[in-house]
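Have a look at the model first, then read on.

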Amino acid sequence: MAEHTPTLEQARRHTRPETSAWLTLVTFFAIFCALIATLCVIGWRYYTTATIPVSGTLVRVHAPAGVTYQARGSVNRDTPVAPCNTPPNPADRCKEISEGDHVRAVPQAGYGPVASIVLPDQTRVADMYAYPTGADLTLDRYQVSRWTTRLQDLQFSQTAGYVRYDLPDKLGQPYETISYGVAITEGVSLLLAPGGSYSVDVPHPDGSHPPALAPSGKPIMAEITVRAGSVEARTPGGTAIVRPGQKLQIDAAGVAGEPQPATWQLIRDGDFSQYMAGNRDTWELYSHIFDATVSEREKNGRFLFYNGCKPETPSFCTADQAANIVQFHREGNQPKSFGIGIQQDLDLDVSEYRSLHFSMWARVIQQSVQGAGIANSECPITIAFDFKQSSPTDNEEHRLICAYRDETGQLAQLNGNLSGEFIYRAVPPSLWYHLSYDLRDGHLLPSARYLQRIRIYANGHDYISEVTDISLVAAQSP
């Protein structure tokens, strides 16, 4: 007799009712447990990740004018800032800011830090510098964990200008994770390690300030410098790490170069190669009227550029040992002093540079006056720095280095009151001499914030003097 396979319906008829009930109960219990577990996970995640904004952050304005505040969503950029009566400087102006608020500064606000972002515990985390192209900084986010000490998150957006960030260390803070960041543009952002000191420059060149170029040859979008700590720069092309003593340039296409030493050459075309190639935008001619009675015919100082041996190999040299040399020349037993030279506008806020190392090769071939002349300013080689001490409203001041030919090697003494403008260096006759000074030391520019120009000229009756390889290297320090 053939066997028949039971159908599903037959199997159901033979299933006991209590078995079906248990299966249903177990299924619904499993669903209930899964739902409870899911709700617990969601609740725990919310408990550990929920954050709240931190109130009490201030923008402290140091400049008398030129810094504006704009609340998130507002079209008014000129919100008044009331006087600030809290430490450290009651004369400053303060405004409490929240997430999404902008702080802007125009170049005319002044040199050095014109505004600072101060946290509720009075930690000054960001200083804004307005010169020369203005600054724009936004507090994107400042939040901490709502119920735990898991996270503190402080994020800025910087779209223009130079900002110095000095961030608190993680030690001594209650939070397990501290995140500091700066967004430059979409796709380009910086992660700043706690306890570090950083500078971020986002230049906005105008007609009077040509764009600085990155190693790629394109204009610089942002330049990041690390004094202490480290920066993780995230770009569309990848991630770069910047360490202490380094700077990183990101070009306008969002491409980061290789980290470089954190120094800046402030003199353009110090070897005169561009000038010799026909570019007259780097240096311009300069004449110095020492004697107001000098006639037009007596304004006969001359200068020339020529290609000669480097000072290191002055007698015999190959083509690759040659240098571009500037010669200042005046002869004919001239009865009155007159100066001829070159100058370059720098127009720089140098307040962040704690080292300004100037160097130049110079030699005096001929000089008709003794020492530096009767007024101690008739120098066959003069290097003049024109500067302002701290504010655009300050009078322009000058510091001058006088190099003169002297067989004895003794420094000339001042015979008159020149307000301490000059320092002197005796150089050996007709031989190349390497002048080297840190302008931040002693008598020169120890605390000047603004450097307008450099002038290099010969002044006197008869002279023949030469200069080459001019350099002014700036460096920061913590």
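1. The fold has 29 strands and three helices, both taken as DSSP runs (H or I of at least four residues for helices, E of at least two for strands) and numbered from the N terminus. Bear in mind that this is a predicted model, where local features need pLDDT of at least 70, side-chain atom pairs count only at pLDDT 80 or more, and totals for chains, interfaces and linings use all residues. Residues are numbered from 1 along each chain as its sequence is written, and side-chain values use heavy atoms, with hydrogens and water left out.

2. The largest pocket holds about 1,600 Å³ of space. Closest to its centre, among 48 lining residues, are Pro 210, Ala 212, Leu 266, Leu 346 and Leu 348. On the method: a pocket is an open set of points on a 1 Å grid over the protein atoms alone, where a 1.4 Å probe fits, with protein on both sides within 12 Å along at least five of seven lines; lining residues have an atom within 4 Å of a point. The volume is the space filled by probe spheres set on points joined across faces, edges and corners.

3. Which strand gives the most to that lining? E22 does, with seven residues. Other strands supplying at least two include E9 (151-166) and E13 (220-228).

4. The second largest pocket has a volume of about 190 Å³. Its 15 lining residues include Pro 64, Ala 109, Gly 110, Ser 391 and Pro 392, the closest to its centre.
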